[in-house]
Amino acid sequence: RVEARVGEAHLTLQDEVENAGHHPTPHMLLYHVNVGFSVVDEGAEIVLPTRRVTPCGDYPAEGFGTLAPPVKDFEEQVFEFEPRSEPDGTVPVGILNRARGLG
């Protein structure tokens, strides 16, 4: 369930996952959101409290949180995050473009 109120700067996502199998199984979940220009631009920051960031390829994790300018023929870089939650269990995330005052 996704809830958003007009004029507010956040949304609420409520989800439930059930293991209908025969054995306990680790679970990984990915929510994908496309945020475009003008928030996503050179220098924008990925704001995500993490315990660990693991690159899924032959590239470093350092600098993952600051977006680079467009690069011709850039190959995607994928990272796995182990988030650090707030005391209430939520994990606040965002993309912040300080230069444009957007996020």
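Residues here are called buried under 20% relative accessible area, exposed over 50%, and partly exposed in between (1.4 Å probe, protein chains only). The model is predicted, so local features need pLDDT of at least 70, side-chain atom pairs count only at pLDDT 80 or more, and totals for chains, interfaces and linings use all residues. Numbering starts from 1 along each chain as its sequence is written, and side-chain values use heavy atoms, leaving out hydrogens and water.

**View A. E3 pairs up with R1.** These two form a salt bridge (a side-chain nitrogen of Lys or Arg within 4 Å of a carboxyl oxygen of Asp or Glu). Their closest N and O atoms sit 2.5 Å apart. E3 is partly exposed at 37%, while R1 is exposed at 64%.

**View B. R100 meets D41.** Here the salt bridge spans 3.1 Å from N to O. It ties together distant parts of the chain, 59 residues apart: R100 comes in the segment after β6 (94-96), and D41 in the loop between β2 and β3. (Strands are DSSP runs of E, at least two residues, numbered from the N terminus.) Both count as partly exposed, R100 at 42% and D41 at 23%.

View C. E45 belongs to strand β3 and R98 to the segment after β6, 53 residues away. E45 is partly exposed at 22%; R98 is exposed at 59%.

**View D. R51, R52 and E82 team up.** Salt bridges link these three in a network. Across the whole structure, a search turns up five salt bridges.

Definitions and conventions: Helices (H or I, at least four residues) and strands (E, at least two) are DSSP runs, numbered from the N terminus.
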